[in-house]
Amino acid sequence: MMDLDLNLVLLIFSFFVIATLYSSVGFGGGSSYLALLALLLPNFLEIKSTALLCNLVVVSGSTYLFIKQGLFDFRKFLPLALCSVPAAFLGATFSLKQSVFFICLGAVLAFSGALLIIQFFTQPVAQRMEYARHSWLFNLLLGASSGFVSGLVGIGGGILLSPVLHLLKWADARTIAALASFFILVNSVAGVLGQVASGNFMADGTFLWPLLLAVFLGGQLGTRLSLQKIKPQAVKGLTGAFVLFIGLKLVFSYL
């Protein structure tokens, strides 16, 4: 277990900053929580559980604010959620070896980071186009695949789903942010339940509560900034580069 004092203070501050930045674009920050915790905690089950709980706290507050602002469309979200929730629960029940877990996590983060970077360069053009309509079957499959991956590696799946939806011109940016936030919420709940059911849930209350408080405050700040129509495009580009770097580093470290 890591020492308290300076390490914990730095971790709390880092989680606050991550929650602020990620929530401003509708994410929970789970991927970056995992990356930081992987440097400090020896048990990857504890890493997954802690990151998922922090994710859950951030998007709970974000989802409430998005719904309050009338930005959430339940009809568009339903087909994504119908399969994502059981898929996330199923993914969370898988017990992976530590090396396999970090390789899978790194691959998912690298892929998500690449998608965010692509979105950063293509979004200005996409915003001038009409939004496409996709079938229920397509949305069900997209939700199921994103949910399973999110449960498997301990993230909410929003950082994977959101850039895909943007590239598919699924909806406008603020609607996708609201839907991604709620997608992360329900998948994080399913992931925690799956970890508990399979005996893979592990968290240490010594530093968990300060982290949860930090991400709650950061999440509230970031979401309120986004609702004031602050353009989050640069945040997505920087987030994509960071996530891509961490993902590739994890993959090459554990291959």
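**Helices and buried residues**

Reply: Happy to start with N139: its relative accessibility is 5%, so N139 counts as buried. Keep in mind as we go that this is a predicted model.

Me: Thanks! In which helix is N139 placed, and which residue does the side chain of N139 join in a polar contact?
Reply: N139 has its place in helix α6, which covers residues 136-153. The side chain of N139 makes a polar contact of 3.2 Å, and the partner is the side chain of W170.

Me: Is H166 buried or exposed?
Reply: H166 is found in helix α7, residues 158-167. Its relative accessibility is 4%, and the cut-off for buried is under 20%. H166 therefore counts as buried.

Me: How far apart in space are the C-alpha atoms of H166 and A177?
Reply: Along the sequence, H166 and A177 are 11 residues apart. In space, C-alpha to C-alpha, the separation is 9.9 Å.

Me: Let's turn to α3 and α8. At what angle do these two helices pack?
Reply: Helix α3 runs over residues 44-68 and helix α8 over residues 173-198. Their axes lie 8 Å apart, and the crossing is left-handed. The packing angle is about 145 degrees.

Me: Which residues meet where α3 packs on α8, and how many of the contact residues are nonpolar?
Reply: On the α3 side, the residues include L52, N55, L56, V59 and F66. On the α8 side, they include F182, I184, L185, S188 and V192. By class, this contact has nine polar residues, one charged residue and, to answer your count, 12 nonpolar ones.

Me: What end-to-end reach does α8 have?
Reply: Helix α8 has 26 residues, and at 1.5 Å a residue a span of 38 Å is expected. The distance from the first C-alpha to the last is close to that, at 36 Å.

Me: Is α8 mostly covered or mostly open, and how many of its residues are buried? And which residue follows it?
Reply: α8 is mostly covered, with 19 of its 26 residues buried. After α8 comes a residue with a positive phi, near 75 degrees, and that residue is G199.

Me: Let's look at S188 itself. Why does it count as buried?
Reply: S188 lies in helix α8. Leaving out residues up to four places away in sequence, S188 touches L52, N55, L56 and G156. It counts as buried because its relative accessibility is 0%.

Me: Now for α4. With which residue does the S84 side chain make a polar contact?
Reply: S84 is found in helix α4, residues 74-92, and is buried, with a relative accessible area of 0%. Setting aside residues up to four places away in sequence, S84 touches G143, A144, G147, F183 and N187. A polar contact of 3.2 Å joins the side chain of S84 to that of N187.

Me: Which residues does A110 contact, leaving aside neighbours within four places in sequence?
Reply: A110 lies in helix α5, residues 98-126. Its relative accessibility is 11%, so A110 counts as buried. With those neighbours left aside, its contacts are V243, L244, G247 and L248.

Note on methods:
Residues are numbered from 1 along each chain as its sequence is written. This is a predicted model: local features need pLDDT of at least 70, side-chain atom pairs count only at pLDDT 80 or more; totals for chains, interfaces and linings use all residues. Side-chain values use heavy atoms; hydrogens and water are left out. Axes are lines fitted to C-alpha atoms, for helices over the stretch in contact, and angles run from 0 to 180 degrees between N-to-C directions. Helices (H or I, at least four residues) and strands (E, at least two) are DSSP runs, numbered from the N terminus. A crossing is left-handed if the near helix is turned anticlockwise from the far one by less than a right angle, and right-handed if clockwise. Contact means heavy atoms within 4.5 Å. Ala, Val, Leu, Ile, Met, Phe, Trp, Tyr, Cys and Pro count as nonpolar, Asp, Glu, Lys and Arg as charged, and the others, Gly among them, as polar. The expected span of a helix is 1.5 Å times one less than its number of residues. Buried means under 20% relative accessible area, exposed over 50%, partly exposed in between (1.4 Å probe, protein chains only). A polar contact is a pair of N or O atoms within 3.5 Å; within protein, one must be able to donate a hydrogen and the other to accept it, and residues adjacent in sequence count only if both atoms are side-chain atoms.
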